[in-house]
Structures are given as structure tokens and as C-alpha cells.
Amino acid sequence: MKGSIITDIGKSFKGIDVISIRNFSRQQLEFLFETTDKIRQDPKDFRDSLRGKKLTMLFLEPSTRTASSFEESGRYLGCTIDGVREPNSSSLAKGETLNDTIKMFEGYGSNCFVIRHEKSGSARFASEVASVPVVNAGDGNREHPTQAMLDLYTIGQKLGKLDGISVGVLGDLRYSRTAPSLSYALTNYDAKLFFIAPDSLQIQPRVERELNKKGTKFQKLGDPKEVMDKLDVLYVTRIQKERFPDPTEYEKVRGSYVVDEKLVSMGKKGLGVMHPLPRVDELKPEVDKLENAWYFEQAKNGTVVRAALLYLILGDKNS
Ligand code: NCD
């Protein structure tokens, strides 16, 4: 059957919520990436495979890439799309609860919610309220599981492996949600992590605990120059200004790290520079022209990886 993927591991995706990347095994991630490759190779086989399904986008915090790539992939697969992209223009601005918003869109026939919210734990809450699958598109500084999926896919595509690699995660690791999700995802592989950040923005203790539990090796440091020559990937994050409870704390760390051509030249020849984007001033545009700049390709991979995920969760042929 065209576009059909029938295996037990495929079935394990059917109808699931995607709240944390920690819920995905290495085998499941690999299956997701194989499906992604299949869609890349023969996109037409998958076109309209989700016809009749409705995807509800609840984007209650700004988004460019995540929202657009979910919409793009959903549309390609044949879904209709509704929801809220601009919270200030919806009844949420009048005080309507997330619970009521979800119930209402379910009444309109939603088959899946994709939710982004400033509060950590909101995706989990949504999944408890909704009777259809919920995909976390970023909840506060907690997690961004689909970003980690496309990050891993990009690393695998570029390096041809995920085992035996060293990944530097640089920047605001305290308020970032992509850094925790990527770190958790890498615990499925034999990867070494270097958390590079000013002390006040170092990796969250809950991430350290998880890595220790999984036996993933990591080191914390302040200056990327110390490890540049060891890294296969340098994953840069912006300072998440909007999550700082105190603006004076933001001023203290503003501009404290910059990735420029000079820093990249200290790395291995094949070093990949990644960034979930948007960038502000921590990643200089001069890096864009280097072979090391993977971030636009990384963003581009978002559409196809998310298409594969939606296909596996909602596809009837996948059961
Ligand atoms: C990230 C996010 O929303 O956490 N963006 C994204 O989804 N690509 C990173 C960020 O906002 O800095």
C-alpha cells in the first residue's frame, strides 16, 4: 500500500501525546527518522494521507518556524487547520481558560492539538483535558520535543551518526526549552555534552539529574574556547529575555557570548553550528556563509520531521 508503514514500532505512535522527548525510545526516534526519509524521498506517496483530519493550532506564545512548519506539514498531509495563532485576538484575552478553549475546538471536530504556551506544564495539562492527541510545541522553559526531533535528525543527516559525538550546548540553558529537550534526546545515544553558559544561565538541575540517571557524560563550563576543538556540534541558544523574572538580571548577561567566524575557526573542520532560531545577537550573520552553518537546513528539516510525526500519530494506514 502506498505510503503505508505497518510495524509494531509504527503502531506505538498511533494516537499518542507528545509532551516530553523523554517518552521516546531510541527505536522510536529511529523509526521517526526513517519515516522522515521516506517522506523526503517520495513526498507524493504521503500527500493527503491525513485527509479528513483536523489539526488545531493553539499558539499562545509567539512562533514563526514551529507554527508554520506544523501548518505546512499538516496541509501537505491533507489536514484542515483551525485554532489560535494570535492569543490577543481570541477569547483567551477575555479570560477564557485553556480547558474551555480545548473543549470548544474538540466540539468543532479537532483530531489533534499542537500547543505552545508560556507556562511550563501547560502541554501536559492540555493532554489531560483533551480526548485527542496533544503535541507540545514548547511549554515555558520545560520542553520542546519536536525541536529535539528535528535537531537529532539534522545531526544524523549531517554526521551520519549520533553515537560517539560531542555536543556543546551554548547560551541561556536556564530559560531555554530546546536545551533540555536536546539533552534528554541525546541520552538515547553515546553522546558527550558540554554545557557552556555563564554561571547564572547554566543547565537546569532537573536536566543534570536526568543525564546522571541515564549515565550520559557531561561537563559544565563558561568559555566555549576551552572545548571548541573537541566538538562535533555547537548548539547555540539565544538569551530568553522574555522569561527573565528581573530585567536587571537580563542586563547582566546580555551579550555575554557571541559565536562569530573566529570562534568557529577554532573548531574541527566539520563542526556543525546549530541554532533553533530566532537568533538575536549571539550568532553573527558572518557565520552564515560557512559550511559549518547548519541552522537554516535544521529549520527546513522541521517541516518534514513534523510531517512524519503527524503521519505516525494520526495516520490510519499506520495501524
Ligand atoms: C525556540 C523556542 O521557541 O523555544 N524557537 C523555536 O521553536 N525554533 C527557541 C527560542 O525561542 O529561542
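## Ligand shell

In the classification used here, Ala, Val, Leu, Ile, Met, Phe, Trp, Tyr, Cys and Pro are nonpolar, Asp, Glu, Lys and Arg are charged, and the others, Gly among them, are polar. On that basis, the shell around the ligand comprises three nonpolar, five polar and four charged residues. This is a predicted model, in which local features need pLDDT of at least 70 and side-chain atom pairs count only at pLDDT 80 or more, while totals for chains, interfaces and linings use all residues. Residues are numbered from 1 along each chain as its sequence is written, and side-chain values use heavy atoms, with hydrogens and water left out.

The residues surrounding the ligand (a heavy atom within 4 Å) are R65, T66, R116, H144, Q147, R177, T178, R238, Q240, P276, L277 and P278.

## Polar contacts and cover

An oxygen atom of the ligand lies 2.7 Å from a polar side-chain atom of R238. Ligand nitrogen is placed 3.0 Å from a polar backbone atom of L277 and 3.3 Å from a side-chain N or O atom of Q147. Of the 320 Å² of accessible area that the ligand has on its own, the protein covers 94% (Shrake-Rupley method, 1.4 Å probe).

L277 belongs to the loop between β9 and α12 (DSSP runs of at least two residues for strands and at least four, H or I, for helices). L277 has a positive phi of about 65° although it is not a glycine, and the peptide bond from L277 to P278 is cis, with omega near 10°. L277 is buried, at 13% relative accessible area (buried means under 20%, with a 1.4 Å probe and protein chains only).

Terms used
Buried means under 20% relative accessible area, exposed over 50%, partly exposed in between (1.4 Å probe, protein chains only). A polar contact is a pair of N or O atoms within 3.5 Å; within protein, one must be able to donate a hydrogen and the other to accept it, and residues adjacent in sequence count only if both atoms are side-chain atoms.
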